[in-house]
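Subject: Structure for you to look at

Hello,

Here is the structure I said I would pass on. Please open it first, then read the notes below it.

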Amino acid sequence: MMAQRKRNTILLHGFLIAGALLTLFPLGLIGLMAFKSNPEIFANPVGLPSVWRFNQLGEAWVNGRFGQYYTNSLLVAAPVIALVVVFSSLAAYGIVFAGLPGTTAILGLFMIGLIVPLQAIIVPLFHNLNGFGLLNSRLGLILSQAAIGLPFGIFLMRSFFLGIPKELIEAARIDGAGDLTILMRVIMPIAAAPTLTLATLQFMFSWNDFLLPLIIIQDPALRTVTLGLFYLQGGTYTLNYALISAGVLITAVPIMIVFFALQRQFIAGVTAGAVK
Amino acid sequence: MYGSIVKRALFASTMLLGLASGSALAQDKTVITMWDQFFSAAPNKLMDEFVAEFEAAHPDVQIKRNVLDTDSIRATLPSALASGQGPDIFYYDAGPAFLGPLVQAGLVADLTQEYAARGWDKALVTWPVERVTYNGKIWGVPNEIEYTNVYVDLAVLDKIGMKDKLVPAEGHPDLLTLASLDDFTAMMKAAKDGGVIPIAFGNRDPGRGGHLFSYFLTLTAGKDFVDTILFGDGRWDDPKVIAAWDLYKSFNDAGFYPPSPNAISYDEGNALFFNGGAASNITGTWLVGDIVDQVPEASNFDFFLLPSASKDLPLSAAAGIGSTFAVSDKSAHKKEALDFLGFLMSKEAGKRWLEQANIVPPIQDLDTDSMKLSPMLKRVVAGASLPLSYNLDVVMPAEWNQAMTAGTQSLLDGSSTSAAVSAAMQTAWEKAKAEGKIWKAR
Amino acid sequence: MAIPNPTASRSSRRPRFTLAIAGKYLLFLGPAAALYLPFVLRPLIETFYLSLHQWNGVSPDWTFFGLDNFVRAFSDRIFWTALFNNFLWVVASFILPMGFGLVLAVMISNVGRGQKIYSGIFFMPVVLNLIIVALVWGLIYNPLIGPLNRFLKVIGLGAYAKGWLGDSLTATPAIIFAGNWTFFGFCTVIFLQGLRTMNVEQLEAATLDGANAVRKFFHIVVPSLADQVRLIAVLSVIGSFKVFDIVYVMTKGGPNHASEVIATYMYWQSFMNGSLGYGAALAVLLTVFVASASCLLMMSREPKR
């Protein structure tokens, strides 16, 4: 019995390791290509490089402009996270605690945004941004991404606020605290978990967003990492597989490191965001 | 109401951001915006130099460039122009499918008078100007003559013993060609037998196969025949058109293209070729600049022109101007914009287009002999004086282009026939003709 | 529209509308509304309005078109191809990740050590950018340098080697497979969570009764995961209708529109073909599909809360 269980466990590990290797194979392949020369890639895409060309990573960073793209992505993601977290918390407080009439209808209006696909608003959004003079600007991208992130932010914060005992709010009110004080001193300190989840999700949405940058950003100097990756496969007349692979590697690895470091938050965030 | 408040708030915040970023524009300067597509290194650098020099000569004018790739500019320029947010100058694909709708919507400045007043009608080569002429009026300033050609990897040709097939063209010692189209077939067959992909053709991106078709139609039917369709009663379902499609398809059937060209992007096809993976690459002279600047061991590569199918037809190729400069009709600074375009098309500028960017400008009487040109560019210059035909996608309406693009892909995976594709092109042509969407230079 | 857990009782003490209340609206809901209204709600209304018109994106006037854009969709061969492909996505991303996910989850939950590492590895593609996924798999399928064709040749199936993304028959399945590479790990984790809360006593009782592994799996494990199955099913439907990035990057809907989905076709009509009215009609249809699926999701979650 014991022996059989042990054999089963080993068998299971075997299957799982094989599965894990298959899952990682595509990335490993790219990882190898990043260090090979183009003729080598053409000759044998799977083999090990004859010489490890580490300088290709630096080349992608500088000539492939990934340094610039990283900066752009961060300059967009950071304000988006801030806007969504602050505005969602305010709105959720207004809906749950401020004692305002008609909040059910307002909530309903915001929840429309939760079920509408981004593609359904993209064309008029593009023309409106153009009218506002916000096309081809980081600000246009930031405001659009934040606006699209708000419905889920409000949904998430509201669900959390509903679980806060009302006595806590009443007590603070009796002590003479105003609404803003209550939100900042009483509620936000205990809302760290949903705030972190929301921030993680918004970061992933902003960082991975492709469609909005694709239509909003035309200036190559303003490209985000995602957009920069996309344009790697075109735009110049001589496609460079080594450069593409290096670009993929230097954009995938940081995300993977962050993921394995914050695995629990990521998984919690993504499963919470599943409604989106 | 609400919208206007938001607009004002957004406007205020953008203004603030603008001020914060410290872009202290001197108020008395005229600012001209230009959207262009010179993203390759050398032309990009040259355009920056042109701008700096023009600004130095005109201290009251500032030119702001926005460099876009082709897909981006196609997606955004029309609405930017329509909303009045667009640039003063834009560099955009010519032809009824691209510039045409903008002209019809009244967004492009009519330059007919300017051509006469500024002497451009005499300074520029006629046929490129015709490509930006609709209904007798001129709407743009072309900057480049380009045409289809066949690049070859000389090392591969040597290996398969076909290098000797390349011969100087009759009357054009600077141009290479072959004795006959059969020689090309023999060459491709030798490459295939030698284990090399004969033609590095990638047809994933719509329109790339159209260059081949335009070229093959020039070879099998000739420019005069195409003229009968464009300007007369000729038809796209003519047997000569079908023959051009048959030629396009026969290369696929013979295994001259890579496996599944529809899965290979244009850039991938080029990469295959430049990495020694193919004997030839049928594309256009626009690639010369990138070869000279970016390809290691560029001397391994050369190009030639395919001979025509019949002795009655002259040596030719499918030609176009690619994109053209044009001026927005809503621009408040048309004069300054046109001054800049005039500067770009001066003879001095022409020399630098050639020497620094490997671009052949449509400027009359350039003394190319005295210039320092790469050997490959010398060939391009020599070919520019041939009786060139049409690169069809930039002279045809959008519907027709779609029919042709669908044809280039469906012939390769066997889901259509040459006759059916030709018939679809004729249908699209008649529809566009009836709707007044076709190019009428004359 | 179903909103989970509506706050019905809260507005019972109805305060009068005063300046203070207006101020509160402005303070708490104003910021969100200032972004949401112009950047989400207004474009949404405009999409519906535009879908009733013909507009080329350039000309100053919109021509009223009634429902003709919708009629056009139903007689448009490419629209049906796109819709069919969306359904392929639905079916495939229901079966493939569900199957892999369930099997992997059961394996992981029985393996003892290393659960976190395994689930982390399988989940990892979920956090990757879809552009990365598209580029990586584009290289795998590449007819010139792709390892897939080389592998087929090595195992003697060279006759099946082809340009997977350039063939109208194989393009969509190839993209779907790549897309689901980023989804099965998600399913694995969801199922793992379900398995952790499963009734252990029932399983042990079955083991004592001498039930074999397969029996236990189908009679005890699968039924107790009904919630997870429902969640994944609805997510597959929503995700499959919204899919855009990976298709756009891998094939742009080609060859010859064979791998088009509604979202990419809408993008092409709106931004590349100058048919913005028709594009808006496609967007409206897409919204209807996605919104129905989303409502299903919300309703399926309702009883749990």
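Between them, chain B and chain A bury about 2,500 Å², with 61% of it on carbon and sulfur atoms. Buried area is the accessible area, taken with a 1.4 Å probe, that two parts lose on being put together, summed over both.

Some conventions: this is a predicted model, in which local features need pLDDT of at least 70 and side-chain atom pairs count only at pLDDT 80 or more, while totals for chains, interfaces and linings use all residues. Residues are numbered from 1 along each chain as its sequence is written, chains are lettered from A and ligands numbered from 1 in the order in which they are written, and side-chain values use heavy atoms, with hydrogens and water left out.

Chains B and A

The contact (heavy atoms within 4.5 Å) takes 31 residues from chain B and 27 residues from chain A. Zero salt bridges are found across this interface; the rule asks for a side-chain nitrogen of Lys or Arg within 4 Å of a carboxyl oxygen of Asp or Glu.

Chains C and A

Here the contact involves 90 residues of chain C and 104 residues of chain A. The two chains bury about 8,800 Å² between them, 77% of it on carbon and sulfur atoms. On the chain C side, C:F28, C:Y36 and C:F39 lose the most area to chain A, together 9% of what that side buries. The count between chain C and chain A is one salt bridge. It joins A:D179 and C:K24, whose closest N and O atoms are 3.0 Å apart. Helix 1 of chain C (residues 19–50) gives the largest share of the side that touches chain A, 21 residues.

Chain C by itself

Chain C has 14 helices and two strands; these are DSSP runs, numbered from the N terminus, with helices being H or I of at least four residues and strands E of at least two. Its radius of gyration is 24 Å, well over the 19 Å that the globule rule gives for 305 residues, so chain C is more spread out than a compact globule. That radius is taken over C-alpha atoms, and the globule rule is 2.2 Å times the number of residues to the power 0.38. The C-alpha trace of chain C spans about 70 × 65 × 30 Å along its principal axes. Of the 305 residues in chain C, 56% are buried, meaning under 20% relative accessible area (1.4 Å probe, protein chains only).

Regards

Conventions. Buried < 20%, exposed > 50% of the residue type's maximum accessible area, 1.4 Å probe, protein only.
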